[in-house]
Amino acid sequence: MLKKKGWFTLLSLVLMVSVVLTGCGGKNNASSGGNSGSKATANAGSKDSKETKNLTFMFRGGTDEQKAYEGVVKKYEADHPNVKVKMVVTAADQYATKLKASITGNSVPDVFYFESGDLKAYVNSGVLLDLTSYVEKNPNIDLNNIWKYGVDLYRYDGTMAGQGNLYGMPKDVGPFALGYNKAMFEAAGIPLPDKDKPYTWDEFIKVAQQLTIDKDGDGKLDQFGAGFNVQWALPSFVWSNGADWLDATKTKVTIDDPKFIEALQFFTDMQLKYGITPSTEQAQTLDTYQRWMKGEMAFFPVGPWDMSTYEKLPFDYDLIPYPAGSTGKSATWTGSLGIGASAKTKHPDEAVDLINYLTASKEGMEALVKAKVQIPNLMDMAKEWAADTTTKPANKEEFLQVVNEYGRVLPGHYTYNAEWYNLFYTDIQPVLDGKVTPEEYVKAEQPKMQKLLDKAVEQEAKSKK
Amino acid sequence: MNAKLGLYRKEKIYGFLFILPPLLGLLIFTLYPMIYSIYGSFTDWDGLGQMNFIGLGNFTDLWSDELFHKALFNTLFMMLGIPIGITLALLLALGLNRGVPGTTAFRVIYYVPVISSLAAVSIMWNWAYNGDYGLVNQFLDLFGISGPNWMANKYTVKPALIIMAVWKGLGYTMLLYLAALQSVSRSYYEAAELDGANGFQSFWHITWPMVRPVTFFIIVTNIIGGSQIFTEMNIMTPTGGPEYASASVVFYIWQKAFGNFQMGYASAMAVFLGVFIFVVTLIQFRMNEKQSFDVD
């Protein structure tokens, strides 16, 4: 008996200890994702007179994307025989944890992806290398030929993001355009939407209602007008109605603006009043995504990263601008992911060189675009790419218009952390279910979000010391 | 005499040498981070830069943090799966202990979930719980019940996770019980039978007390494991579920630490959780001491 008990105690102690670890346990992992790049291994290609320089490149992405990037890095190594790149890749949802753990553990990879929203924190704490001088002195890089939207996301002057020195290059820009199922329009005998003139909200509802059908008469809808995930689609409706989550100073939460309420009302009405989208219970991304791919959905947001997947769809789809609210203009979210270098890298020249190869070189871009995982970063190449209407979607031009004209960054990007912004979506379900009115919701939620935003502002001030 | 002592001492040194590697590992990878995180819990550390001491600030913040309360409630709620799992496992073990044909096959079947990766299991159940195409709802459909979209409904998401956790842990618990049952000597039952005890009486007065150490072990480890539940919700409800209904304490710690640059605050929660588990475990040991008795 006693013997057994001692065993229990030991076991529970070990388990307990591991609990406390959970909070910062990532540190241990850091050594595995580590900085082996900076340790120069004994001349691997000994015939080469130059010393081999090792870089670690940490990135993330879906399978198609991983393959594409691995291919490009191999090509880079072939062109630069004195540089060896060790690739560390994770699934998208584990990436942030792994990166932050390696930063905490002081073993930052030489070259790595990072979210534009984390820029301030990383610059303030000296994690990111200032790329400005490297990029400016490089004759092969023409910043004017890369999307200004994308480049500016990685500028920071110590107070405002969007201006000042450059701490990263956009891996790509991800314009989230609106797609529609062309075959469905043809089957229903509805004229195809205009690719340059957005629907008004009313028009959009009308068309979508015509396309919401119970085909086999079993009382269940088999075809829906649209499918919108609140987190990724609501910003489009809010912005095009002239409202936003933040004021111009980025210190005040403005969701109680009547224009905001109107947009949120419209968003919930699509389901609750007009019934053009699957019910909220069914509207998780996965389901709407599947419905779209099965050809059961008329309108669905399309990002360039899905082009390779949608290529194989049995129906034809194309891109149009989002329906426009009271401003009369479309708006949507444009994502981006930056590639930066560690401020402590032993080979800054090579690290920046690799970044440039992946983001700004013709060779690198061509390979990535060919894999159909992104739109070209280089504007002249993008124009050429968009002009080719033989591949799906025909109106690729829309992607470029999003980037140049009506794409925006999510509000969380402007603040030290996005906790305040995320809370909006954490609590939103009752609104989507019609249990709480949009007006009640924003009134109750604004102070909570403001409190978190104040905290983030305070944190930012502290981090600059 | 002298030689004997020398040998003894030599063995002692070898012994220490053998346990040195794991001991060093424990010190470097467990004790050091643990102390570091306790220290961190008293700072406003963002995980990147300076650590400023702020006393008990993080802990007082916990009192008014609604999301933390939700996460704590969720974590405790999901422990309802523990008694369910224990009951089911014991019933299964009793069944298998009777030597039904194919016992080995059943053992394997029940044990397969245990050795499967939790991430894979989570992904699989996520499909099963899908409101439209999921196996669970298709099954319910056979009886004319139209099931909810389990993971998207704040009332069903926790039960859904509990069911999955019970299913996952069943084989392990069952196997422990089976081993315990098989070590109970037949003679006790024979004696009880002579005294005219019925099936339930011999279970209640012999089997249940005899497997008590195993029950105790299972409860303690399950509560500790249950307090740290994380992977399931991270994969199945990556935003914490509808209205944060499926976020656990560890999930919230992870969000704060790696999503929001609040490593200090996250450490405070980890310390809180550590103390909580320590206290609960201590209480259980005390209770077990009081209740334990020996079969003479």
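A:Val111 stands opposite A:Ala341 in strand S11 of chain A, in a model that is predicted. Residues are numbered from 1 along each chain as its sequence is written, and chains are lettered from A in the order in which they are written. Local features need pLDDT of at least 70, and side-chain atom pairs count only at pLDDT 80 or more, with hydrogens and water left out of side-chain values.

**Strand pairing**
- S3(A), residues 111-115, pairs with S11(A) in the antiparallel sense over 5 bridges; strands are DSSP runs (E, at least two residues) numbered from the N terminus, and two strands pair if DSSP finds at least two bridges between them.
- S6(A), residues 169-175, is antiparallel to S11(A) and joined to S11(A) by 6 bridges, with A:Pro175 opposite A:Thr334.
- S12(A), residues 407-408, runs parallel to S11(A) with 2 bridges; here A:Gly407 is the bridge partner of A:Thr332.

**Confidence**
- Chain A has an average pLDDT of 84, and 88% of the residues score at least 70; pLDDT is the predictor's confidence in each residue, from 0 to 100.
- Over residues 15-49 of chain A, pLDDT stays under 50, and the model has 64 contacts beyond four places in sequence for this segment (heavy atoms within 4.5 Å).

Conventions: Helices (H or I, at least four residues) and strands (E, at least two) are DSSP runs, numbered from the N terminus.
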